[in-house]
Amino acid sequence: MGRLTNNINFRLTSVVFFFIFVCIVFLVYYVNSSTKDLIIQNETRSMKTIGDGIAHTLSDRIESVKAMDTTLASQNEAVLMLTGNTDIKPHLENEYRKLLTNDHNYSGVTLLDMQGHPVLQVSGNNLDLSSLDIKNEAWFEQALEEKKPYVSKSILYFQQKSIALLPFTAPVLDSSEKQIGVLALFLDWNVFTSRFLDSVRVAGKGYGYILDNKGNVIAHAVDKTLLGKSVASFDFIQKSLSMKYGVLEYNWKGKKKIMSLSYIPENGSNQAGQSRYYRYPIICSDQY
């Protein structure tokens, strides 16, 4: 009888210990899973905050450059140059050069006639803009068509992509409000991205990059060889372009990654204050 009792006690003890072991394993798994979920949630919030911050900063910069471009285009000296008064050229050239010297956000100013021929062109950083066939550039054609300030949807690259410019254009109007030319102001894209994107990291390994609305990489915090290249063929990029905002999980080379999406409004908004057009998806990506 005592032997039977000992066997029963041993079995009961074994069952209890096994149950405790299972509970501990489950608890460890639950804690690890919950901790991981919490970390991912925190990193996602962090990516969203960073992405929205970059979007807000870039949006402000775009509006600032548009305002400067419009101001330059409205100057009487620009009108005089385009109507044949070349005596004003040294003064205007000096004004443009002072702008580039005092504000390193800009790399060039070009005053163009209606055919796209430069009437006056000033550039900095050993940059030669004369190689541009401006009359065939989409941003010049759009400036003529829309007859209002316009921001290019693509980046211009020079010197093996070591120089990147974002063109802004504004119409030059005479006293009768007839358009007689275009003022092109070139934002130094690298100055912006080096300050507000390249140093961005999420949890030490996440990073940011910016696409145009066709899926071309126009800025990347980590891999500069991707600049100017299309990544539109990837499914997760197509999803991100269609999502516009939010968070997307995807697989990359056998590893799970998560991206947070922020967009910059292009023009106008609906009655709810939501943007009707979009430019430059800003993506913060992290691996987990």
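## The E5–E6 hairpin

Strands E5 and E6 form a hairpin with five residues between them, and in its turn Glu177 has a positive phi of about 70°; helices (H or I, at least four residues) and strands (E, at least two) are DSSP runs, numbered from the N terminus. The model is a predicted one, in which local features need pLDDT of at least 70 and side-chain atom pairs count only at pLDDT 80 or more, while totals for chains, interfaces and linings use all residues. Residues are numbered from 1 along each chain as its sequence is written, and side-chain values use heavy atoms, with hydrogens and water left out.

The pairing of E5 with E6 (residues 179–188) is antiparallel and runs over nine bridges, where two strands count as paired if DSSP finds at least two bridges between them. Within this pairing, Leu166 stands opposite Leu187 in E6.

## Other partners of E5

E5 also forms a hairpin with E4, this one with four residues between the strands, and Gln159 in the turn has a positive phi of about 50°. Strand E4 (residues 156–158) pairs with E5 in the antiparallel sense over three bridges, and Tyr157 has Ala164 in E5 as its bridge partner. Strand E3 (residues 150–151) is joined to E5 by two bridges, again antiparallel, with Thr169 in E5 as the bridge partner of Tyr150.

Strand E5 (residues 163–173) is mostly covered, since 10 of its 11 residues are buried; buried means under 20% relative accessible area, exposed over 50%, and partly exposed in between (1.4 Å probe, protein chains only).

## The largest pocket

The largest pocket has a volume of about 300 Å³. On a 1 Å grid over the protein atoms alone, a pocket is an open set of points where a 1.4 Å probe fits, with protein on both sides within 12 Å along at least five of seven lines, and lining residues have an atom within 4 Å of a point. Grid points are joined across faces, edges and corners, and a volume is the space filled by probe spheres set on the points.

Its lining consists of 17 residues, of which Tyr207, His220, Leu226, Phe236 and Trp252 lie nearest the centre. The elements that give two or more residues to this lining are strand E7 (207–211), strand E8 (217–220), helix H6 (235–243), strand E9 (246–252) and strand E10 (255–265), and E7 gives the most, with three residues. By class, the lining has 11 nonpolar, two polar and four charged residues, where Ala, Val, Leu, Ile, Met, Phe, Trp, Tyr, Cys and Pro count as nonpolar, Asp, Glu, Lys and Arg as charged, and the others, Gly among them, as polar.

## The second largest pocket

The second largest pocket holds about 180 Å³ of space, and the residues that line it include Glu137, Trp139, Tyr150, Lys153, Asp212 and Asn216. Helix H4 (residues 138–146) supplies the largest share of this lining, three residues, and by class the lining has three nonpolar, five polar and four charged residues.

## Helix H1 and the whole chain

Ala67 lies in helix H1 (residues 2–73) and is partly exposed, with a relative accessible area of 44%. Ala67 and Pro149 are 82 residues apart in sequence, yet 8.8 Å apart in space, C-alpha to C-alpha.

The chain has six helices and 11 strands, and buried residues make up 41% of its 288 residues.
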